[in-house]
Amino acid sequence: MSCSAVSSDGTIREGKAVILPNAQAKKEDGKKEEGKTRDDVFYNPAQVFNRDISLLVVSVFAKIRKVEVEEKQRRREESAKKAGRPSYSGPLPGLHILEALSATGIRSIRYAKELGEGPEGIRRIVANDLDETAVAHIRRNLVHNGIGSCIEATCGDAAAHMYAHKARGPGGLGDAGYAVIDIDPYGTASPFLDAAVQAVADGGLLCITSTDMPVLGGNHPETCFSRYGGTAFKAGYVHEMALRLVLHAASTSAAKYGREVRPLLCLSVDFYVRIFVRVFDQAIRTKYQASKTGVVHQCQQCESFFVQPFGEVLGDANPKFKPAKCVVPGMECPECQGRLKIGGPLHIGSLYDSDFVKLCLEACEQGSSRFPGITTWKKITGILRAIAEETVDVPLHYKLPLLLKSLKMVPMPLRTFRGTLKALGYSVSHFHREPEAIKTDAPNAVVYDLLRLWAEEHPPKGMPLPEILKKPLTVTKPIEWSSEQDDSTKKKKMFPQNPPFWGPGTKAKGGSMPSEAAPVEDTVARGVPKEAAETETPVVPTEATEARSEAAVSTVVDGGASESRQEALPETAASEARSDAVVASTEPPLKRQRCEGEGDGVENI
């Protein structure tokens, strides 16, 4: 089944939503002319998964929210009865949702038509956009889809709208605030985080996307720090680090207002990161923020890294909060004596709520019978299964091909490396977008001990860092190599390949703007000078650049050795991040709200 369809008249069908074309007729001299379309609305099937999984997550959250609201109302009524006063009725049942950067409104329309109304559905949706042309287009789409009063299209600055509808503080809306806020900009979400964490209701859900992967991937560490409060660098765990930086920015923004951010589901997908978190009014819980925040010390010569938390919590019933003890080895790597560089601060706590992931998987079992509009069930189920088997409380990961390649060692079966770590009593798993990841709580020295043992049995030729082999083992010999169970079929289901020629499409110029609105040129390439935007040549995505991590899963899990996959890897983690920069650069900056220093146009549709 196809994810979406574009008909001959330009209308787009995705799920139960039908979006009208946004074409503008134009002559060569710039004047409008009937019969000649300037450009159709940009539509990217790659973002169907983003909207599909958002629909699933919001539906599961709606059920949880319904139970919590009913319990809260019951306690209010009991308290009011004891005090002899009228009870507060609370808001009407159903979710109050804000889509802050709506563009065509396709996401809001899908929420309304596929979640339905009622206690476990939608009460009201606000679809906001800064562009008057986009808002007019949203209203046409609402009429075309037969949407009644449950969706209101508004035109205004997204941050200003959220500041004007704060849930907390003087004049705050309280429980009447937004239960769900969805922010999916083109580029960084950082300009909207401060407003979003204040506008969402107590226990509400924030759905946040960031697509500025060149920044989050380490190409511009100074820009990354200004946006997310932490620096990124190029390493094998670059995608997980990007995810943790965005989560760090959201949680620190909320902590300033006595609000705690709890991750439900945080994903690194294709050319963007997507986080689903709940925000609670629990000032006392913000004391745990330091223990869930840290920096990473990465060796510049080998793949060794060390995570240093900022705080330590002793005890559960009566916790004591203390500064963390230093766990990093100093200025030099203990394995190769290379210099260490520092990245972060970043979130080092859990990325998921295991119970919530289970509920999402249970919802997947209902499949198309509950959500016939969702078409990416295979990918959704695969990534949720991968997350369910991922080690929860271990930040960052190694990649076996990079470990071996940095030392020019003979390829080693991935199952053998993981199985031996498990036999030694350590937990080990993949990362949900990296089937070759080694996510383990084993000390860095133990990881390199296994490499030293492998080198004894399979001596490398021309090893660039011989001092690593000279270091004494910290594990006790003899060590027997163990192998994980062959679960290649299961792995293929968890890491499905993207279709050929998949990826972000070329830029769409969008429709013309009203005279009183911003000029079209200012909305074509946010953060890019007009001259550069006019001469820019789009990069055509290829299967190789878009599906690197999935392309050779069978080679790893079936063949055992990582040699074939190793050849397909970039020479360094730096080139991997550069590939991400190429991927992200192909995203189409359509018209929407402008962000400082980089565009945040419409969502990639």
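Is leucine 396 buried or exposed, and at what relative accessibility? Some notes on that and on other spots follow.

1. Leucine 396. At 2% relative accessibility, leucine 396 counts as buried (buried is under 20% relative accessible area, exposed over 50%, partly exposed in between, with a 1.4 Å probe and protein chains only). Leucine 396 sits in the loop between α10 (377–388) and β16 (398–399), and has a positive phi of about 65 degrees although it is not a glycine. Helices here are DSSP runs of H or I with at least four residues, strands are runs of E with at least two, and both are numbered from the N terminus.

2. Ground rules. This is a predicted model, where local features need pLDDT of at least 70 and side-chain atom pairs count only at pLDDT 80 or more, while totals for chains, interfaces and linings use all residues. Residues are numbered from 1 along each chain as its sequence is written, and side-chain values use heavy atoms, with hydrogens and water left out.

3. Glutamine 337. Here is another non-glycine residue with a positive phi, about 65 degrees. Glutamine 337 belongs to the loop between β14 (320–323) and β15. With 43% relative accessibility, glutamine 337 counts as partly exposed. For context, most residues other than glycine have a negative phi, and most peptide bonds are trans.

4. Cis peptide bonds. Glycine 344 and proline 345 are joined by a cis peptide bond, with omega about 0 degrees; proline 345 is in strand β15 (residues 340–347). A cis bond also joins lysine 477 and proline 478, again with omega about 0 degrees. Proline 478 is in the loop between α14 (467–470) and α15 (488–494).

5. The open sheet. Seven strands line up as β6-β5-β4-β7-β8-β10-β9, with mixed pairing (two strands pair if DSSP finds at least two bridges between them). At the edges are β6 (151–155) and β9 (260–269), each pairing on one side only. Ignoring direction, neighbouring strands of this sheet are turned by 15 degrees against each other on average. Strand β5 (residues 122–129) runs parallel to β6, joined by five bridges, and valine 126 stands opposite glutamate 152 in β6.

6. Helices on the strands. α5 lies across β7 (178–183), β8 (200–210) and β10 (272–280), at about 155 degrees to β8. α8 lies across β8, β9 and β10, at about 155 degrees to β9. Axes are lines fitted to C-alpha atoms, for helices over the stretch in contact, and angles run from 0 to 180 degrees between N-to-C directions.

7. α5 against α8. The axes of α5 (residues 190–199) and α8 (residues 238–255) come within 9 Å and cross at roughly 50 degrees. That makes α5 oblique to α8 (under 35 degrees is roughly parallel, over 145 roughly antiparallel, 65 to 115 roughly perpendicular, and the rest oblique). Leu193, Asp194 and Val197 in α5 meet Ala249, Ala250, Ser253 and Ala254 in α8, where contact means heavy atoms within 4.5 Å. By class, this contact of α5 with α8 has five nonpolar, one polar and one charged residues (Ala, Val, Leu, Ile, Met, Phe, Trp, Tyr, Cys and Pro are nonpolar, Asp, Glu, Lys and Arg charged, and the others, Gly among them, polar).

8. A hairpin. β11 (residues 293–299) and β12 (residues 305–309) pair in the antiparallel sense over five bridges. The two strands β11 and β12 form a hairpin with five residues between them, and valine 296 stands opposite valine 307 in β12.
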